[in-house]
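We will go from one selection to the next and look at what sits at each stop.

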Amino acid sequence: MYSRVQREECIACGLCQLRAPALFNYDKEGIAYYRPDNNQGTTPIPSDQLAAFKQAYRDCPTGAIKRQNKPFPPENKSTTHL
Ligand code: SF4
């Protein structure tokens with residue numbers, strides 16, 4: 001399972017970092033990104049973090065946290081500004 005934050009959908013609420021501090025962090029403007037690969041979405045979620053990921057994914061109020069079973073395509077505008 002791979003993840004990436006669709007950054008233009010993030011409202012900087014802070015929940016994902018509370019739920020999964022190993023997986024999500026914030027830039028200086030409070031917009032979240034996926035920590036393991038700086039929001040590229042190409043590093044799998046560690047198996048010991050899947051439960052925390054699911055909580056963050058479930059609780060994100062805007063659906064900004066994306067997930068899929070294969071690596072995300074190369075960076076686009078949604079992942080810039082890190
Ligand atoms: S939970 Fe969602 S909206 Fe809140 S900071 Fe994380 S990605 Fe952004």
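Start by selecting R67 and Y57: R67 lies over the face of the Y57 ring, 4.2 Å from the ring centre. Keep in mind as you look around that this is a predicted model.

**Stop two: the rings**

Ring pairs link F24, Y34, F53 and Y57 into a cluster. In total, the structure holds three aromatic pairs. Zoom in on one of them, F24 with F53: the two rings are stacked, with 6.3 Å from centre to centre and 25° between the planes. This pair joins distant parts of the chain, since F24 belongs to strand 2 (residues 24–26) and F53 to helix 2, 29 residues apart. Are F24 and F53 buried or exposed? Both F24 and F53 are buried.

**Stop three: the core**

Now widen the view. The largest nonpolar core has 16 residues, and L23, F24 and I65 are those with the most contacts inside it. Colour strand 3 (32–34) and helix 2 (50–59), the elements that give two or more residues to this core. Helix 2 supplies the largest share, three residues. As a background note, nonpolar side chains in soluble globular proteins tend to be buried together.

Next, select I65 and show its neighbours. Which residues does I65 touch, leaving out those up to four places away in sequence? The contacts of I65 are S3, R4, C16, F24, F53, A56, Y57 and C60.

**Stop four: L50**

Move along helix 2 to L50, which lies in that helix. L50 counts as partly exposed because its relative accessibility is 28%, and buried would need under 20%. Apart from residues up to four places away in sequence, L50 touches M1 and I45.

From L50, draw a distance to C13: the C-alpha atoms are 21 Å apart in space, and the two residues are 37 apart in sequence.

**Last stop: cysteines**

C13 has 44% relative accessibility, so C13 counts as partly exposed. If you go looking for disulfides, the structure holds zero.

Definitions and conventions. Residues numbered from 1 in each chain as written. Predicted model: local features only at pLDDT ≥ 70, side-chain atom pairs only at ≥ 80, totals over all residues. Heavy atoms only, no water. Core = buried A, V, L, I, M, F, W, Y, C linked by side-chain atoms within 4.5 Å. Buried < 20%, exposed > 50% of the residue type's maximum accessible area, 1.4 Å probe, protein only. Helix = DSSP H or I, 4+ residues; strand = E, 2+ residues; numbered from the N terminus. Contact = heavy atoms within 4.5 Å. Phe/Tyr/Trp six-rings, centres within 6.5 Å; stacked < 30°, edge-to-face > 60°. Lys NZ or Arg CZ within 6 Å of the ring centre and 35° of its normal. Disulfide = S-S within 2.5 Å.
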